[in-house]
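User: I am new to this structure and would like a short walk through it. Could we begin with a term that will be needed?

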Amino acid sequence: MRTKLKKFTEFANSMLPHETRYLLSVQQLQDPEKLQILRQIDHNCRQLDDYQTFDPAIDKRKYSHLKNWLSKQLAAIDVDEQFAWMSELERKIHWDNITPAEEKALLKSIRNYHHPIFNFIKFFELVREYRQFLLIRLRYADHQVVDAFLQKYQSEYERSQLINNQIHQATKDIIKHYSENATESIQWEKWLSDIFYDENLDGFNRYTALIRLVFIAFNYNKYTHIEQMFDLIDQGLAEGKYYSRRILTNYYNNRLLLHTRLQDAELAVYYGKLSIRVQNNDYILYVNNLCNVLLQAEQVEASWQILREALPKLTTTHNHHSRIGFISLYIKTLIKKEEYQKARSYGEINLRVYEKEILRYRWHRFFVSYLECLLYLGEYSKVLQTVRKYKLLEKEKKYKTRAHVLPTISWYNLLAQYQLGEFNLKGFLQRFEEYLPAEGYSPHALYTTLMAPLQKRFPHLDQLLTDISKE
């Protein structure tokens with residue numbers, strides 16, 4: 001009987017809490033068994049550690065009917081589906097092959113339009129294309145309806161376009177600050193907040209502004225207002241606003257990032273698990289973020305299982321930033337599992353294949369994991385050779401200008417030199433302190449963070465830790 005419900009179970013297990021919350025709010029199911037199934041799906045979405053199997057005694061046709069109803073209800077509010085519909089109609093209008101039924105649906109959407117919708121910019125451009133189509137065919141009545149719409153919303157369209165362009169300008173400063181710490185981004189916070197709270201503006205611009213505000217919050221470690229915004233968007237998603245699976249999983253991923261910064265690992269993991277229930281273009285990125293939290297929480301086996309399941313998807317991603325992040329986490333997880341040779345082999349294979357990409361995108365994250373593996377294996381000369389070959393000390397010196405970046409590679413290089421006898425304990429301590437950040441860190445705290453993981457491999461490092469703690 002389990003086989004009979006296999007497809008439905010797979011479908012139900014892919015559903016997300018905000019989807020079921022919305023469906024429960026709009027359902028008018030008369031069949032108590034169908035309602036029971038929907039509530040069970042909702043329970044399983046929310047209680048990830050308390051899964052309830054579906055009752056095989058219920059007529060399987062009810063499962064099939066319910067699945068179709070759920071899919072249809074969600075498709076009706078999916079803003080990505082709406083965008084795809086608009087794009088297809090625009091293409092057909094341009095090629096003069098739109099059908100009468102499609103025109104009827106489009107005219108109905110124009111007459112029933114209620115501003116603003118999520119994809120307002122795209123809808124306005126579609127209607128503008130349709131106006132040309134009508135006028136050249138002397139269809140005056142329909143043209144009048146379309147032209148009235150365009151005149152009514154012309155100023156709103158221009159405003160949305162202007163805001164969209166300004167958001168792009170803001171994004172340049174925000175991402176440059178985030179990735180290089182080479183500029184400021186706080187000057188955009190109020191303007192973007194005003195955009196987010198503007199209920200007369202299209203949903204696309206409002207959600208785009210929110211994501212930029214998340215980056216600003218990370219840049220300055222200010223999260224209170226972001227929590228409030230997430231609570232607001234949370235309610236909107238539950239009501240069917242802004243809905244698409246792409247947006248919903250992105251929202252869950254951003255909640256993971258927020259709760260990670262707030263040091264709430266339990267909530268971060270919860271949202272992270274939701275973010276990877278759908279395999280979209282950002283799946284590997286979301287896997288990386290979740291597994292990073294799991295490793296920090298010492299949930300090594302959970303991280304390993306997720307990485308293994310995601311490995312086939314890695315071959316299809318074109319995002320090298322996500323790819324290198326995944327490879328680095330894979331090495332790190334193997335190290336945590338004490339499978340050092342496998343970690344070394346995996347690192348070296350990928351370094352040969354993706355050397356250019358690693359050096360361009362996420363070299364620091366990759367080499368921190370790879371060099372740690374070499375230290376565990378006692379390959380100190382290989383550590384020094386790798387650091388010299390790729391000029392990692394010089395690169396890290398420049399990289400240190402970024403916020404929250406520690407000179408881990410410099411310390412690992414230092415430890416390898418110490419292990420090879422290039423200087424004594426006193427020399428190690430002197431050089432170690434040369435790499436300390438200017439403020440905000442104690443030598444003992446930094447040493448514990450960076451070197452303590454190696455204690456199992458190097459028991460004599462206890463003496464180093466003891467001596468540093470006396471400083």
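Analyst: A charge sits over a ring if NZ of Lys or CZ of Arg is within 6 Å of the ring centre and within 35 degrees of the ring normal. The model is predicted, with pLDDT of at least 70 needed for local features and 80 or more for side-chain atom pairs, while totals for chains, interfaces and linings use all residues. Residues are numbered from 1 along each chain as its sequence is written, and side-chain values use heavy atoms, without hydrogens and water.

User: Which residue lies over the face of Phe218?

Analyst: Arg261 does, at 4.4 Å from the ring centre. Likewise, Arg206 lies over the face of Phe196, at 5.7 Å from the ring centre.

User: How many aromatic pairs does the structure hold?

Analyst: It holds 32 aromatic pairs, counting rings of Phe, Tyr and Trp (its six-membered ring) with centres within 6.5 Å; planes under 30 degrees apart are stacked, over 60 edge-to-face and the rest tilted. The rings of Phe8 and Tyr63 have centres 4.8 Å apart and planes at 65°, so this pair is edge-to-face.

User: Where do Phe8 and Tyr63 lie?

Analyst: Phe8 belongs to helix α1 (residues 6–13) and Tyr63 to helix α4 (residues 60–77), so the pair ties together parts that are 55 residues apart in sequence. Helices here are DSSP runs of H or I, at least four residues, and strands are runs of E, at least two, numbered from the N terminus.

User: And how many helices and strands are there in the protein chain?

Analyst: The protein chain has 25 helices and zero strands.
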